[in-house]
Amino acid sequence: LTNNNGIATFQVEAGDSKGAGTITATAAAEAGTVTGTLGFQVGETNLRLGYFDENDTFIENQILIEPDATLSAGGNAQLTVALVDADGNIASTEEEIRFSSSCLSAGRALINPDNPVIAVNGEAVTLYTARGCSGLDEITASVVGSTTQAFGSVDVASSATNAISFIDAEPRLIVLKGT
């Protein structure tokens with residue numbers, strides 16, 4: 001059934017088997033019948049998200065952010081996450097990773113490639129660029145279709161004024177004092 005706005009909401013729960021399928025919804029209205037389809041994929045279960053440190057130790061629930069120092073205004077940082085299964089083996093399926101933060105949501109930072117980032121061979125990498133964001137930006141990486149997440153933060157320095165522009169003066173004459 002639909003709500004007062006004509007919107008029907010439903011939830012699809014995945015089983016234990018990997019695979020894909022299609023959901024088809026059909027609505028009959030005065031103007032005619034409308035049909036829509038939605039493809040879905042059930043990926044690996046029990047995935048963990050994190051990164052591998054320099055000793056190949058898996059650090060769960062953390063995003064690798066390089067450089068780990070304060071980022072200059074307009075600067076870039078590489079965000080990396082790795083996916084492993086319950087046994088610690090690198091995930092064998094392609095999974096979509098969504099990166100989110102308050103600066104990304106506000107358009108004051110961007111990532112390239114954009115969301116969702118595809119994890120290939122168990123790893124997803126994107127470039128974070130500060131574009132007007134300053135201060136601490138808390139970043140969350142989530143596996144699409146799962147509750148699996150990893151977290152990190154980028155500290156972005158405030159932009160510094162590097163120029164001034166003359167707009168107007170009254171009187172219209174500007175001179176150095178004493179000349």
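Predicted model: local features only at pLDDT ≥ 70, side-chain atom pairs only at ≥ 80, totals over all residues.
Me: Where is Asn61 found, and what is the phi of Asn61?

Reply: Asn61 sits in the loop between β4 and β5. Its phi is near 65 degrees, a positive value in a residue other than glycine. With 36% relative accessibility, Asn61 is classed as partly exposed (buried means under 20% relative accessible area, exposed over 50%, partly exposed in between, with a 1.4 Å probe and protein chains only). Asp56, in the loop between β3 and β4, is likewise not a glycine and has a positive phi of about 60 degrees. Asp56 has a relative accessible area of 62% and is therefore exposed.

Me: How many helices and strands does the chain contain, and in what order do the elements run?

Reply: The chain has one helix and twelve strands. From the N terminus the order is β-β-β-β-β-β-β-α-β-β-β-β-β. The radius of gyration is 24 Å, well over the 16 Å of the globule rule for 179 residues, so the chain is more spread out than a compact globule. That radius is taken over C-alpha atoms, and the rule is 2.2 Å times the number of residues to the power 0.38. Along the principal axes, the C-alpha atoms fill a box of roughly 85 × 60 × 20 Å. Of the 179 residues, 30% are buried.

Me: Which strands pair with β3?

Reply: Two strands pair if DSSP finds at least two bridges between them. Strand β3 (residues 48-52) runs antiparallel to strand β6 (residues 76-84), with three bridges joining them; Arg48 has Val84 as its bridge partner in β6. Strand β4 (residues 58-60) also pairs with β3 in the antiparallel sense, again over three bridges, and there Ile59 stands opposite Tyr51. β3 and β4 form a hairpin with five residues between them, and Asp56 is in its turn.

Me: Which residues make up the covered face of strand β8?

Reply: In a regular strand the side chains alternate between the two faces of the sheet. In β8 (residues 109-112), Ala109 and Ile111 form the covered face, while Leu110 and Asn112 form the uncovered one. Four bridges pair β8 with strand β10 (residues 123-130) in the antiparallel sense, and Leu110 has Thr129 as its bridge partner in β10.

Me: Is Thr140 buried or exposed, and what is in contact with Thr140?

Reply: Contact means heavy atoms within 4.5 Å. Thr140, in strand β11 (residues 135-143), has 18% relative accessibility and so counts as buried. Leaving aside neighbours within four places in sequence, Thr140 is in contact with Ile63, Arg98, Phe99, Ser100, Gln149, Ala150 and Phe151. For the chain, 52% of the contacts between residues at least 6 apart in sequence join residues at least 24 apart.

Me: Where is the place of Thr70, and which residues does Thr70 contact?

Reply: Thr70 is in the loop between β5 (64-66) and β6. Apart from neighbours within four places in sequence, Thr70 is in contact with Asp155, Val156 and Ala157. The C-alpha atoms of Thr70 and Ile7 are separated by 45 Å, and these residues are 63 apart along the chain.

Notes:
Residues numbered from 1 in each chain as written. Heavy atoms only, no water. Helix = DSSP H or I, 4+ residues; strand = E, 2+ residues; numbered from the N terminus.
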